[in-house]
Amino acid sequence: MQQKTKIPVITLILAAINILAYVYVSWQGSVYDTDYMIEMGALYEPLVIQQHQWYRLVTHFFLHYGWDHLFNNMISLLILGYAMEQVMGKAKYLILYFLSGIIAGVTSIVYNVAIGAEASVSCGASGAIYGLMGALLVLLVRGSRGRRSSEVLRYLLYLGISLYSGFQDTSIDAAAHAGGFAAGFIICLLLTIGKRMEVTYES
């Protein structure tokens with residue numbers, strides 16, 4: 001009997017929240033207005049550190065600068081989320097997503113403070129999505145058995161190019177991407193200890 005494909009409920013809900021948030025925020029003002037995006041909950045180091053507005057570590061990854069920003073992130077979320085939610089289960093997948101997004105925000109702040117950069121405004125789901133990418137690498141490595149080792153190598157090449165491109169583009173919060181990826185990798189390791197989980201790059 002063919003196994004019935006499960007509907008990725010959590011992934012669809014996350015995508016819906018992102019889309020609804022974008023519609024609401026763009027309805028109320030301009031998503032290209034930095035001050036307005038700060039008002040809506042974007043990540044901004046002075047308000048997080050000095051005024052203890054910790055909620056921004058969550059709200060920032062439900063906001064997007066423009067339709068193309070939202071579209072690209074939601075395509076990635078749907079593709080990765082479809083595979084990861086089925087493999088990890090809804091609860092662990094949700095924990096992975098939120099913690100990756102939060103740690104991505106923390107990494108962004110720490111990195112900018114460490115290099116003495118001017119406080120920047122950051123938002124987008126990409127930090128959490130890179131967390132899913134880090135988790136996928138864990139499952140690929142665990143599932144690699146000879147013939148599948150090529151999947152890991154191809155995926156590592158893709159990740160390397162993606163992260164490098166991010167650091168070359170000053171408009172991209174590459175520190176958040178790197179932080180989200182590292183967080184997803186470690187969190188997946190912790191959440192799947194003793195579990196036999198496997199997913200393919202083609203998934």
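Is Phe61 buried or exposed, and what is its relative accessible area? Phe61 is buried, at a relative accessible area of 0%. The model is predicted. The points below start from this residue.

1. Aromatic cluster. Phe61 belongs to one aromatic cluster with Phe62, Tyr97 and Phe98. A search of the whole structure finds seven aromatic pairs. One of them joins Phe61 to Phe62. That pair is tilted, with 5.1 Å centre to centre and 35 degrees between the planes. Phe61 and Phe62 are both buried.

2. The Phe61–Phe98 pair. Here the ring centres lie 5.7 Å apart and the planes meet at 75 degrees, so the geometry is edge-to-face. The pair links distant parts of the chain, 37 residues apart. Phe61 sits in the loop between H4 and H5, whereas Phe98 is in helix H6.

3. Burial of the two partners. Phe61 has a relative accessible area of 0% and is buried. Phe98 has 27%. Buried needs a value under 20% and exposed one over 50%, so Phe98 counts as partly exposed.

4. Nonpolar core. The largest nonpolar core has 44 residues. Met37, Leu77 and Tyr97 have the most contacts inside it. Helices giving two or more residues to this core are H1 (9-28), H2 (34-40), H5 (67-88), H6 (90-114), H7 (126-143), H8 (149-168) and H9 (174-191). H7 supplies the largest share, 11 residues. Tyr97 is also a member of the aromatic cluster with Phe61, Phe62 and Phe98.

5. Contacts of Leu77. Leaving aside residues up to four places away in sequence, Leu77 touches Thr11, Leu14, Ala15, Tyr82, Tyr93, Tyr97, Ile129 and Leu132. Val9 in helix H1. Val9 is placed in helix H1. Its relative accessible area is 35%, so Val9 is partly exposed. Val9 touches Glu85 and Lys90, not counting residues up to four places away in sequence. Val9 and Tyr82 are 73 residues apart in sequence, yet 9.0 Å apart in space, C-alpha to C-alpha.

6. Backbone at His52. One backbone angle deserves a look. His52 has a positive phi of about 55 degrees, although the residue is not a glycine. His52 is found in the loop between helix H3 (45-50) and helix H4 (56-59).

Key. Residues numbered from 1 in each chain as written. Predicted model: local features only at pLDDT ≥ 70, side-chain atom pairs only at ≥ 80, totals over all residues. Heavy atoms only, no water. Core = buried A, V, L, I, M, F, W, Y, C linked by side-chain atoms within 4.5 Å. Buried < 20%, exposed > 50% of the residue type's maximum accessible area, 1.4 Å probe, protein only. Helix = DSSP H or I, 4+ residues; strand = E, 2+ residues; numbered from the N terminus. Contact = heavy atoms within 4.5 Å. Phe/Tyr/Trp six-rings, centres within 6.5 Å; stacked < 30°, edge-to-face > 60°.
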